[in-house]
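The following note sets out several points for a reader who is new to protein structure. Please keep the model in view while reading.

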Amino acid sequence: MDAILRVEKLSKVFESGFIRRSLVKAVDNVSFELSEGEIVSLVGQSGSGKTTLAKIILRLLEPSSGDVWFMDKNVWKDLKTLDDLKWYWKNVHAIFQNPYASFNPFYKVDRVLNQALKLIGKEPNSEEAKRVIEESLKFVGLGPDEVLGKYPHQLSGGQLQRILIARTWIIKPKLLIADEPVSMLDVSTRGKIIELFDIMRKKYGTTILFVSHDLGISYVISDRIFVMYQGKIIEEGSPDDILLNPTHEYTKELIASVPTLYRKWSF
Ligand SMILES: Nc1ncnc2c1ncn2[C@@H]1O[C@H](COP(=O)(O)OP(=O)(O)OP(=O)(O)O)[C@@H](O)[C@H]1O
């Protein structure tokens with residue numbers, strides 16, 4: 001399979017401390033490739049560098065060194081104009097942990113769906129736009145009357161996260177970066193969202209980078225798992241490789257800290 005994303009020797013160093021300056025290597029010489037339609041989990045404890053890596057790929061945070069290639073374009077060197085960036089964010093889309101943060105509290109939730117329509121060149125409020133929005137909500141199991149015309153505070157975190165998946169469904173990105181998208185949600189919404197990721201990959205060939213501290217969910221949904229520790233990917237392999245034959249002490253600790261790992265998940 002062709003690589004859709006290539007990360008090459010990526011590093012990000014932060015300066016921290018006020019009186020005594022010290023350097024934190026949040027991402028330390030990381031390289032990997034993602035293929036079309038793959039679901040890959042990036043797993044590690046808090047502070048291991050997952051979000052920093054995700055932000056660099058999303059072009060939200062500049063790397064200290066190294067390159068990110070997406071479909072043969074160097075993300076930090078080749079994308080210069082606003083149109084280049086729009087192209088990138090149409091193809092590389094993110095869903096973050098806290099759905100409330102993705103909505104402006106002063107606007108009705110419809111706005112994020114209309115913005116998605118604009119991004120793909122469709123006129124909001126047209127008959128076609130209405131149809132696409134309805135289809136997208138159906139895809140995530142929401143009725144239009146349930147959510148449209150409402151403000152974010154009138155909906156639950158699970159409903160908001162589903163609307164964000166509906167937005168992703170409208171945009172149909174080639175790469176979806178989902179950074180802890182389910183950790184704040186109840187078990188049934190979590191299961192539904194993970195099921196939707198699987199459908200997106202099967203139906204539209206979406207590649208998904210699932211960023212999580214939860215090896216349990218990653219085991220169930222991934223084709224491959226990367227284990228991140230102190231800014232480095234210290235181990236990678238199939239879920240069974242990682243779980244049954246972990247080579248790194250840190251991975252063994254991570255497995256031991258997941259009591260629900262072998263429980264049957266019913267999605
Ligand atoms: N803007 C920043 N300035 C200084 N240090 C930072 C900054 N952002 C992150 N760091 C540091 O970089 C390291 C990696 O942080 P990062 O948020 O990427 O980890 P993470 O694995 O995503 O953690 P979490 O699961 O808690 O989100 C941490 O030591 C963090 O303190």
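1. Strands β1 and β2 and helix α1 each contribute at least two residues to the shell around the ligand. Helices (H or I, at least four residues) and strands (E, at least two) are DSSP runs, numbered from the N terminus. The model is predicted: local features need pLDDT of at least 70, side-chain atom pairs count only at pLDDT 80 or more, and totals for chains, interfaces and linings use all residues. Residues are numbered from 1 along each chain as its sequence is written.

2. Helix α1 gives the largest share of this shell, three residues. Among the 13 residues around the ligand, Phe14, Ala26, Ser46, Thr51 and Thr52 come nearest; a residue is near a molecule if its C-beta atom, placed from the backbone, lies within 6 Å of it.

3. Four strands form an open sheet in the order β2-β1-β4-β5, with antiparallel pairing. Because β2 (22-35) and β5 (73-74) stand at the edges with a single partner strand each, one side of each is left without a neighbour in the sheet. Two strands pair if DSSP finds at least two bridges between them.

4. Ten bridges join β1 (residues 3-16) to β2 in the antiparallel sense. Arg6 stands opposite Glu33 in β2.

5. A second open sheet has six strands in the order β6-β7-β8-β3-β9-β10, with mixed pairing. Strand β6 runs parallel to β7 (residues 175-179), and four bridges join them. Here His93 stands opposite Leu176 in β7.
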